[in-house]
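This report describes the fold of one protein chain. Please consult the sequence and the three-dimensional view below while reading.

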Amino acid sequence: MPDAEGHKWFAVVWDRMVKAENSAIRQLRDDTVKGLQGRALEIGCGNGANFARYPDSVTELQATDPDPYMLERARARAHELGRKIEVRKAPAEQLPYEDASFDAVVATLVLCTVADQARALLEIRRVLKPGRDLRFFEHVRYEGRLAALMQDLIRPVWRWCGAGCHPNRNTAQAIEDAGFRITALRRVTPEPPIPPMWFSRPCIQGRAAAP
Ligand SMILES: C[S@@+](CC[C@H](N)C(=O)[O-])C[C@H]1O[C@@H](n2cnc3c(N)ncnc32)[C@H](O)[C@@H]1O
């Protein structure tokens, strides 16, 4: 399905998956936004699963997603929370913001899906003030060769089922390749809620400073 039309069915599935998240995943989301301050941007915000987690020290929150079905949900979530969050339609590869205009950028479970990961990371770098954080929580490629090979093999089917999600990206390396300095990195393998989700493990959570 072309990106312009979005993925109606995936938005419904994602609502359910977020509701079914276990405490380990919720904790990873909380840790990702902990202590943020000032003007923040969340890319690929989906249905707004993180919105309630931002501390009050975030004085302005901007959120983007290219999918109209996700945007509808994100706007409803912001309204429900009574929080002023500006939600805009945009892919991470082309962010509608000025250079060096954010104190933090947040990416959770989205760098697996962006069409061009390197370009998205360069855009994130562009909009971040120097030295400020990209906060991330992402599922990534297994380190073991056999498990990574399994992810490579399942990728075409996984992309179709997961609305473009790649199970096998080495996202920490891509963050460094984009010029960021990783200052905190945790590698965790939370229990998958259902067996196929084994492919979207392990996860990384951490911070990377923009140059
Ligand atoms: C698995 S969902 C995660 C949503 C949310 N970040 C979360 O943690 O719940 C992946 C999200 O990436 C979005 N997405 C897809 N392509 C994208 C792109 N090029 N740039 C930014 N977001 C994108 C999808 O619309 C979807 O909302």
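In which strand does A184 lie? A184 belongs to strand β6, where helices (H or I, at least four residues) and strands (E, at least two) are DSSP runs numbered from the N terminus.

## Basis of the model

The model is predicted: local features need pLDDT of at least 70, side-chain atom pairs count only at pLDDT 80 or more, and totals for chains, interfaces and linings use all residues. Residues are numbered from 1 along each chain as its sequence is written.

## The sheet

Seven strands form an open sheet of mixed pairing, in the order β3-β2-β1-β4-β5-β7-β6; two strands count as paired if DSSP finds at least two bridges between them. The edges are taken by β3 (85-89) and β6 (181-188), and each has a single partner strand, so one side of each is left without a neighbour in the sheet. On average, neighbouring strands are turned by 15° against each other, direction ignored; axes are lines fitted to C-alpha atoms, for helices over the stretch in contact, and angles run from 0 to 180 degrees between N-to-C directions.

Several pairings can be followed residue by residue. Strand β2 (residues 58-65) pairs with β3 in the parallel sense over 5 bridges, and A63 stands opposite V87 in β3. β1 and β2 also run parallel, joined by 5 bridges; here A63 is the bridge partner of E42. The pairing of β1 with β4 is parallel as well, over 3 bridges, and E42 stands opposite V106 in β4.

Leaving aside neighbours within four places in sequence, A184 is in contact with G206 and R207; contact requires C-beta atoms, placed from the backbone, within 7 Å.

Helix α4 (residues 117-127) lies across β1 (38-42), β4 and β5, and runs at about 140° to β5.

Buried residues of α4 are Q117, A120, L121, E123, I124, R125 and V127. Their cover includes β1, β4, β5 and α6. An α-helix has 3.6 residues a turn, so residues three or four places apart point the same way.

## The nonpolar core

The largest nonpolar core has 52 residues, and those with the most contacts inside it are A40, V105, A107, I124 and L134. Such a core is a set of buried Ala, Val, Leu, Ile, Met, Phe, Trp, Tyr and Cys residues joined through C-beta atoms within 7 Å.

I124 lies in helix α4 and counts as buried because 26 other C-beta atoms lie within 10 Å. Beyond residues up to four places away in sequence, I124 touches I43, A92, V105 and L134. I124 and V106 are 18 residues apart in sequence and 9.3 Å apart in space, C-alpha to C-alpha.

## The ligand shell

Around the ligand are 21 residues, of which G44, G46, D67, P91 and A92 come nearest; a residue is near a molecule or strand if its C-beta atom, placed from the backbone, lies within 6 Å of it. The shell divides into 13 nonpolar, 5 polar and 3 charged residues. In this grouping Ala, Val, Leu, Ile, Met, Phe, Trp, Tyr, Cys and Pro count as nonpolar, Asp, Glu, Lys and Arg as charged, and the others, Gly among them, as polar.

## Backbone features in loops

A cis peptide bond joins R201 and P202, with omega about -5°. P202 lies in the loop between β6 and β7.

L109, in the loop between β4 and α4, has a positive phi near 50° although this residue is not glycine. L109 is buried, since 23 C-beta neighbours lie inside 10 Å. A163 also has a positive phi, about 55°, and is not a glycine. A163 is placed in the loop between α5 (145-161) and α6 (171-177) and is buried, with 20 other C-beta atoms within 10 Å.

Technical notes: A residue is buried if 20 or more other C-beta atoms lie within 10 Å of its own, exposed if 12 or fewer, and partly exposed in between; C-beta atoms are placed from the backbone. Two residues are in contact if their C-beta atoms, placed from the backbone, lie within 7 Å.
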